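The sequence and model are shown first.

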Amino acid sequence: MLFRSASFNLDPLGDYVGNGKSYESFREGDLAYSPDLRGTVGAGVMHGRGSPTAAPNGPDIESTSVNLNTSWKWMGCWAQAEWYWRSDDPAGASTRGGVGGYAAFGYVLPKSGDSELQWGLGVRFAEVDFEGGQDGRDYTAVLDMFVRGHALKSQLEYTWREREIPGTQTDSNLIRFQFQLIF
């Protein structure tokens with residue numbers, strides 16, 4: 001597959017992450033308990049053509065995606081949002097597409113004494129709408145335990161998921177525990 005992509009981020013109030021880089025994984029949570037409001041806004045576009053790896057002899061698919069995103073933090077509070085649009089145009093078949101996005105909000109407690117441990121709470125709403133009447137929504141609540149920041153953390157989350165397919169609605173409860181180690 002051949003893809004072309006471009007993206008940018010603008011930090012209007014100074015370096016958002018604090019290290020001159022913009023790692024997506026470090027945007028969730030204000031572990032530094034930032035005394036100054038920090039934010040970033042960005043956008044991206046991707047266009048490509050080719051056959052999926054799972055079906056190398058299948059039809060060529062021309063895909064286009066656009067996203068807009070933002071993230072903000074201040075005094076332990078953080079907020080993120082993203083919106084995207086995608087269109088897939090397979091050769092010899094009808095175009096498929098969808099739009100979606102999410103908004104997330106949370107709070108990270110400051111470190112206590114000499115401990116590196118920090119706790120965080122968050123909520124997230126996500127929605128996706130596909131052409132053809134299929135759509136879905138997730139409502140999530142999360143509890144984070146940052147042992148060494150994002151390099152060593154665990155997360156417990158509960159999600160209420162709604163999925164709608166024409167003529168059918170399936171709702172589910174999800175409980176997930178995640179552990180992250182970056183070295």
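## Strand pairing and pocket

β6 and β7 pair antiparallel over twelve bridges; strands are DSSP runs of E with at least two residues, numbered from the N terminus, and two strands pair if DSSP finds at least two bridges between them. The model is predicted: local features need pLDDT of at least 70 and side-chain atom pairs pLDDT 80 or more, while totals for chains, interfaces and linings use all residues. Residues are numbered from 1 along each chain as its sequence is written, and side-chain values use heavy atoms, without hydrogens and water.

β6 and β7 form a hairpin with four residues between them. In its turn, Gly-132 has a positive phi of about 100°. β6 also runs antiparallel to β5, joined by eleven bridges. One bridge partner pair is listed for each of these pairings.

The largest pocket has a volume of about 600 Å³. A pocket is an open set of points on a 1 Å grid over the protein atoms alone, where a 1.4 Å probe fits, with protein on both sides within 12 Å along at least five of seven lines; lining residues have an atom within 4 Å of a point. The volume is the space filled by probe spheres set on the points, which are joined across faces, edges and corners.

The lining of this pocket has 31 residues, with Glu-28, Arg-124, Gln-155, Glu-157 and Arg-176 nearest the centre. Elements giving two or more lining residues include β6 (118–130) and β7 (135–146). β8 gives the largest share, seven residues.
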